Amino acid sequence: MENSVVEVINPKGNGRFVLVCEHASKFIPDKFNNLGLSVKARESHVAWDPGAFDVAVGLSKILDAPLVTSGISRLIYDCNRPPTAKSSIPERSETFNIKGNTDLNKDEVSERAEKYYFPFRNALIECLGLHSRRVKSSILVTIHTFTPVFHGRERKVDLGIVHDSDNRMADGMLNALAGSSMNIERNQPYGPRDGVTHTLKEHGNRRGIASVMIEIKNDLVVTLEDQLEISQVLASALNLAAENLNNRAD
Ligand SMILES: [Zn+2]
């Protein structure tokens, strides 16, 4: 069985935001023999961002935003990494060795990028291009989740607001969320130093549009109720941050 490599949900959305979910899926095509991984590894956060897709769909509905999602596990190809990065096809992830990713030859590496990265990248470029014809100034938002416990250590942060060199949306969101009961931090648990801002740089900075990455602790978005609630909180913060962006530009 093959999944589609990339899916665009609500492609004609007229809201101001374009949403991206690079780690939406844990799907591993049959020919990779599960990359030699146990079911536990394939179901875990190393293969995907649990809950991220559902929150992204919620946001897409609330904000009337197009949503570009990958249909393939990040262990096959991490669409938030350029083909030049070794981490685009990880040989190790947290405590798991990814057997099916070790000792790949040059052709195997470029085939992964051709089949899984470039279709995703091209779909996002097309989506942003069409969006910019309908909407005056698009804003790019990527949605991720992270594991509450990493290498045996519990993480204190609940929600990370991540940015690269363009911090406008991140600043606006941090202001908007200042009264929240969640522990919200800038560039945590990952930031530009970890190479996680590839999509923001490639499709935000290069196009000259504002961008922000959202990282949610995955145990906060397990149930449908939780997913809907956090989608609403994030949508309000995104809208407020976008309004401030307008005021600044004027
Ligand atoms: Zn992610």
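Guide: Two strands pair if DSSP finds at least two bridges between them. The model is predicted. Its open sheet of 7 strands has mixed pairing and the order β1-β3-β2-β6-β11-β9-β10.

Visitor: What makes β1 and β10 stand at the edges?
Guide: β1 (6-9) and β10 (184-186) each have a single partner strand, so one side of each has no neighbour in the sheet. From one strand to the next, the twist averages 20 degrees.

Visitor: How do you know that β9 and β11 pair?
Guide: Pairing needs at least two bridges. Strand β9 (residues 159-162) and strand β11 (residues 210-217) are joined by 4 bridges, and they run antiparallel. Therefore the two strands count as a pair. Ile161 stands opposite Ile214 in β11.

Visitor: Which strands does helix α2 touch?
Guide: Helix α2 (residues 52-63) packs on the sheet and touches β1, β2 (17-21), β3 (67-70), β6 (139-146) and β11. The direction of α2 makes about 170 degrees with that of β2. Helix α3 (residues 106-134) lies across β1, β2 and β3, at about 20 degrees to β1.

Visitor: Why is α2 called largely enclosed?
Guide: A residue is buried if 20 or more other C-beta atoms lie within 10 Å of its own. In α2, 10 of the 12 residues are buried, so the helix is largely enclosed by the rest of the structure. Among them are Phe53, Val57 and Leu63.

Visitor: How does the reach of α2 compare with the span expected at 1.5 Å a residue?
Guide: From its first C-alpha to its last, α2 reaches 16 Å, close to the 16 Å expected. Just after α2, Asp64 takes a positive phi of about 50 degrees.

Conventions
Residues are numbered from 1 along each chain as its sequence is written. This is a predicted model: local features need pLDDT of at least 70, side-chain atom pairs count only at pLDDT 80 or more; totals for chains, interfaces and linings use all residues. Axes are lines fitted to C-alpha atoms, for helices over the stretch in contact, and angles run from 0 to 180 degrees between N-to-C directions. Two residues are in contact if their C-beta atoms, placed from the backbone, lie within 7 Å. The expected span of a helix is 1.5 Å times one less than its number of residues.
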